[in-house]
Each structure stands twice: as structure tokens, then as C-alpha cells.
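Please look at the model shown here and keep it in view while you read. The paragraphs below go from the whole chain to two of its residues.

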Amino acid sequence: MSELLQFERNIEQATAAFFAEKGIEATPTREATNLGTDSMQVVFDYNGAMEETRQHRSGALEYDSHSGVLMILVMTYRDSPTRHLERIGKVRQNLLNSNHGLTAANYKFIDIQPLGSTTNESEETNQDTTTLQYEIKFSINLRSI
């Protein structure tokens, strides 16, 4: 099976690596173990192929452009030195289309559109969790399959 078609893994790892370059620690959710008190996780949910572009490959029309939702989960404890809203602002700044710099082998990231965010506050654990959602549009190099 081609690793190219593992959209979730590739986009989550690309996002975590990009944030690491910016000094923001993030973990792909499916790889998360023993998270610290303050953490940030990334998860990608695939929405499907985009109808606009198709390519002929081996006698068939194949989709090379796709979209999905990238979710960034920012979790902080109120008694920690990490400021929740500052962290959210850094995520938003780094995911502007002019800044994002996401890269993955044989992927081209076309657009990142902010969709919104939700925040949950836990009085029991004194923790805030904000989920930021972005629609990601990307294309893949079908010759690499």
C-alpha cells in the first residue's frame, strides 16, 4: 500500500513537524502517549476528493485533489505558566496561508481555511481545551503511487 494515501498520518505528522520548527510542541493524536500537563495535539479527518481536478492514470480517471478538516487541540492548565489564549494566537498566526509552510513528500497544500473553534472548561481539572478547526485542501502526486 502506498504511504502517499495515508492522508491522516502524513498531514498530522507534517503539521506537528511544522509547529516544532516554530517552537510549538504538538503531537499527532494517534501517536499521543503520556502527554504533559499542557499539550497540543493535531488530528486530521478526511472529507473526500474534490471534483475540480482529475487525472488519467492507468486508463482511469483518478482524483488528485482532496480536502479534510485539521483540528488542533490546545490543552492548558490554568495554574501553568503557559497562557492558553497566547498559544491559540500562535497557532492561528502560523496557519495563515501566507505563513503555514506545511510540507509533506508528494503533497501540495493548496488552501487552509479557518472554520472556527470551541473551548471547553473543566472546573474539576482546572483545564481549558480549545479545538481549532481548519479545512485543508491539498493535491497529491499520483505518479508516486
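This is a predicted model: local features need pLDDT of at least 70, side-chain atom pairs count only at pLDDT 80 or more; totals for chains, interfaces and linings use all residues.

Residues are numbered from 1 along each chain as its sequence is written, and side-chain values use heavy atoms, with hydrogens and water left out.

The chain contains two helices and seven strands, where helices (H or I, at least four residues) and strands (E, at least two) are DSSP runs numbered from the N terminus. Read from the N terminus, the elements follow the order α-β-β-β-β-β-α-β-β. Taken along the principal axes, the box filled by the C-alpha atoms is roughly 60 × 25 × 25 Å. Of the 145 residues, 42% are buried; buried means under 20% relative accessible area, exposed means over 50%, and partly exposed lies in between, with a 1.4 Å probe and protein chains only. A contact means heavy atoms within 4.5 Å, and among the contacts with a separation of 6 or more, 62% come from residues 24 or more positions apart.

Leaving aside residues up to four places away in sequence, Asp 64 touches Thr 53, Arg 54, Gln 55, Phe 138, Ser 139, Ile 140 and Leu 142. Asp 64 is buried yet has no salt bridge, and the nearest side chain of opposite charge, Arg 143, is 8.1 Å away. A salt bridge needs a side-chain nitrogen of Lys or Arg within 4 Å of a carboxyl oxygen of Asp or Glu, and in counting charges Lys and Arg are positive and Asp and Glu negative, with His and the chain ends not counted. The side chain of Asp 64 does make a polar contact of 2.8 Å with that of Gln 55. A polar contact is a pair of N or O atoms within 3.5 Å; within protein, one must be able to donate a hydrogen and the other to accept it, and residues adjacent in sequence count only if both atoms are side-chain atoms.

Now move to Asp 111, which lies in strand S6 (residues 107–122). Is Asp 111 buried or partly exposed? Asp 111 is partly exposed, because its relative accessible area is 24%. Apart from residues up to four places away in sequence, Asp 111 touches Asn 97, Glu 135, Ile 136 and Lys 137, and a polar contact of 3.1 Å joins its side chain to that of Asn 97.
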